[in-house]
Amino acid sequence: MPEYKYLIIGGGMTADAAVQGIRQVDPEGSIGLIGQESKPPYNRPPLSKGLWKGQRLENIWRKAAAQDATLHLGRTAVHLYPANHCVTDEQKSVYYYKKLLLATGGTPRRLSADTPGVIYFRTVEDYSQLRLLAEQRQRFAVIGGGFIGSEIAAALAMAGKQVVMVFPEQGIGARMFPSDLALFLNKFYRDKGVEVRNAEQVASVEGRDGQFVVHLKSSQSALGQTILADAVVAGLGIRPNLELAQEAGLDIANGIRVDGLLRTSRPNIYAAGDVAEFFNPALGDYLRVEHEDNANTMGEMAGRSMAGEPVFYDHLPFFYSDLFELGYEAVGRVDSRLETVADWKEPFREGVVYYLRDGRVRGALLWNVWERVEAARQLIAEAGPFRAMDLKGRLLESPQHA
Ligand SMILES: Cc1cc2nc3c(=O)[nH]c(=O)nc-3n(C[C@H](O)[C@H](O)[C@H](O)COP(=O)(O)OP(=O)(O)OC[C@H]3O[C@@H](n4cnc5c(N)ncnc54)[C@H](O)[C@@H]3O)c2cc1C
């Protein structure tokens, strides 16, 4: 029965960053990691971007956990007993801990009428499966117009595939971007050869003779309208993996609630990454962030905190994406339901979108604008009040002119 000073549940980027964090403070304490995937921790962002543009698969693997932790891969932690300081996996193995980190991330949402063969894109295995299909087949349906759907559609189109994108919103990325930008993206994708079926809902997906038939149900479509594809990829968002935390009676809201030291409501249990919800002082609000910067920074901080360093997690994470030759970085609440103020240098090609609530900037989208993340964080921390005219040029200008 293994017993670790530090036990980490989850084998993703947060888990690997936590091993790094522990080792910065405690060079010797034993570290165990239970990971459901059979592979050691790796970087997920290249799966939908870099690997389709020539980045090599061998460069995605992370090193910290593989070097400094005992890995229990292909194992799923199924029960957590806080009173006994132990966890059991699906094979009934027991793991004891002094400090535990929940870095369980999220599981892709599935279509309500699920069909075998649909790829709910998240893991390196999903990538390998899609890559193989892209070598053999021609026509792909991508369900979802958010982060994953828009990246995978672009990757497949750049690989010379016929791509049909289907999503219920009016425009690509409509939950994040103001509507004119989301509608511009529909046209931008169409110009790249992608068939964009916006405002369309998928009723079901049917496997038929080695292909798939996607049945649509929106009002725009006549009953029975379908899309035929060789493969179907879905990016419908994730739901955080909260089962262990629920069983252990931890405080949960939109994720596992943690304090500034990244501790949950039970002693010696920490949480970080996509699964954790934390308070951000600049926003004055709780956040759960499903992005790389948060996984890396929060994971490392959680590791340091577990090893005894008095950290305080007040980091406002940024995130990024690439859509063909367009790219962006974003900070804070990038949510199209907020008031938005766009400041374009060149419409939809280069500019900044500010997201405001009650006269304060709550988020910033830096669209083909680089090295302004820190300035955006500072702006979000400012008390305001701001009007649209105050924001013109604020993040667009280069630092020496700002
Ligand atoms: C294709 C793709 C592209 C992305 N691109 C970007 C990007 O460009 N920019 C950006 O900022 N972010 C991006 N992200 C998001 C970023 O990768 C995630 O925020 C990050 O991976 C979260 O890491 P995590 O370790 O918290 O969770 P996860 O990555 O979900 O890892 C959790 C791990 O824990 C395992 N696990 C869960 N429950 C258990 C259990 N009970 N027992 C054992 N193991 C368990 C899971 O199998 C999984 O391996 C992307 C994500 C994907 C999928």
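A word on ground rules. Residues are numbered from 1 along each chain as its sequence is written. Because the model is predicted, local features need pLDDT of at least 70 and side-chain atom pairs count only at pLDDT 80 or more, while totals for chains, interfaces and linings use all residues.

**The whole chain**

The chain has nine helices and 25 strands (DSSP runs numbered from the N terminus: H or I of at least four residues for helices, E of at least two for strands). Here are some overall values:

| Property of the chain | Value |
|---|---|
| Radius of gyration, over C-alpha atoms | 22 Å |
| Box filled by C-alpha atoms, along the principal axes | roughly 60 × 60 × 35 Å |
| Residues that count as buried | 44% of 402 residues |

"Buried" calls for 20 or more other C-beta atoms within 10 Å of a residue's own, with C-beta atoms placed from the backbone.

**Helix α1**

Helix α1 covers residues 13-25 and reaches 19 Å from its first C-alpha to its last, close to the expected 18 Å (1.5 Å times one less than its number of residues). Ten of its 13 residues are buried, including Met13, Asp16, Val19 and Arg23. Part of the cover comes from β1 (3-9), β2 (31-35) and α7 (292-306).

The shell holds 36 residues, the closest being Gly10, Gly12, Gly105, Gly273 and His291; a residue belongs if its C-beta atom, placed from the backbone, lies within 6 Å. Domain 1 (3-106 + 238-306) and domain 2 (119-234) both contribute, so the ligand lies between them. Those bounds come from an automatic or database domain assignment.

**A look at Ala376**

Ala376 sits in helix α8 (residues 373-381). It counts as buried because it has 25 C-beta neighbours inside 10 Å. Leaving aside neighbours within four places in sequence, Ala376 is in contact with Val331, Ala364, Leu366 and Leu395. Val331 is 45 residues away along the chain, yet its C-alpha atom is 6.9 Å from that of Ala376.

Key
Buried ≥ 20, exposed ≤ 12 C-beta atoms within 10 Å, placed from the backbone. Contact = placed C-beta atoms within 7 Å. Rg over C-alpha atoms; globule rule 2.2 N^0.38 Å.
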